[in-house]
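Here is a short report for a first look at this structure. Keep the sequence and the 3D view at hand while reading.

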Amino acid sequence: MGRHLMERLFEWGRSVGVQEVAGHVLADNRPMLAFVRGLGFTLKRSAEEEEVMEARLSL
């Protein structure tokens, strides 16, 4: 269900001109990191907080 809702959100975002979705995930939250990777997000460690990963997806 979560994947379906996120994909609907991306569709809506594209329709209103959103170009990128970004968020933060705790680096030790493996299930969420796997989830966002599966949606196509790229991940990199935050420059400000080493325990946080930045997730970005171009729409």
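## Charged pairs

Glu7 counts as partly exposed because its relative accessibility is 32%. The model is a predicted one. Arg3 has a relative accessibility of 39%, so Arg3 is also classed as partly exposed. Glu7 and Arg3 are joined by a salt bridge, with their closest N and O atoms 3.1 Å apart. Both residues sit in helix α1, which covers residues 2-15. They are 4 residues apart there, about one turn of the helix.

The structure holds 2 salt bridges. The other partners are Arg56 and Glu20, whose closest N and O atoms are 3.1 Å apart. This pair links distant parts of the chain. Arg56 belongs to strand β3 and Glu20 to strand β1, 36 residues apart.

The table lists the residues of these pairs.

| Residue | Relative accessibility | Class |
|---|---|---|
| Glu7 | 32% | partly exposed |
| Arg3 | 39% | partly exposed |
| Arg56 | 35% | partly exposed |
| Glu20 | 41% | partly exposed |

## The sheet

In what order do the 3 strands of the open sheet lie? The order is β1-β3-β2, and the pairing is antiparallel. The edge strands are β1 (20-26) and β2 (42-45), and each of them pairs on one side only. Neighbouring strands are turned by 25° against each other on average, direction ignored.

## A buried glutamate

Glu54 is found in strand β3. Lys44 stands opposite Glu54. Is Glu54 buried or exposed? Glu54 is buried, yet has no salt bridge. Its nearest side chain of opposite charge is Lys44, 4.2 Å away.

Which residues does Glu54 contact, leaving aside its neighbours within four places in sequence? They are Gly23, His24, Thr42, Leu43, Lys44, Ser46, Ala47 and Glu48.

## The nonpolar core

In soluble globular proteins, nonpolar side chains tend to be buried together. Here the largest nonpolar core has 7 residues. Its members are Phe10, Val21, Val36, Leu39, Phe41, Ala55 and Leu57.

Take Val36, one of these core residues. Not counting residues up to four places away in sequence, Val36 touches Phe41, Leu43 and Ala55. Phe41 and Ala55 are among the core members too.

Notes: Residues are numbered from 1 along each chain as its sequence is written. This is a predicted model: local features need pLDDT of at least 70, side-chain atom pairs count only at pLDDT 80 or more; totals for chains, interfaces and linings use all residues. Side-chain values use heavy atoms; hydrogens and water are left out. Two strands pair if DSSP finds at least two bridges between them. Helices (H or I, at least four residues) and strands (E, at least two) are DSSP runs, numbered from the N terminus. Axes are lines fitted to C-alpha atoms, for helices over the stretch in contact, and angles run from 0 to 180 degrees between N-to-C directions. Buried means under 20% relative accessible area, exposed over 50%, partly exposed in between (1.4 Å probe, protein chains only). Lys and Arg count as positive and Asp and Glu as negative; His and the chain ends are not counted. A salt bridge is a side-chain nitrogen of Lys or Arg within 4 Å of a carboxyl oxygen of Asp or Glu. Contact means heavy atoms within 4.5 Å. A nonpolar core is a set of buried Ala, Val, Leu, Ile, Met, Phe, Trp, Tyr and Cys residues joined through side-chain atoms within 4.5 Å.
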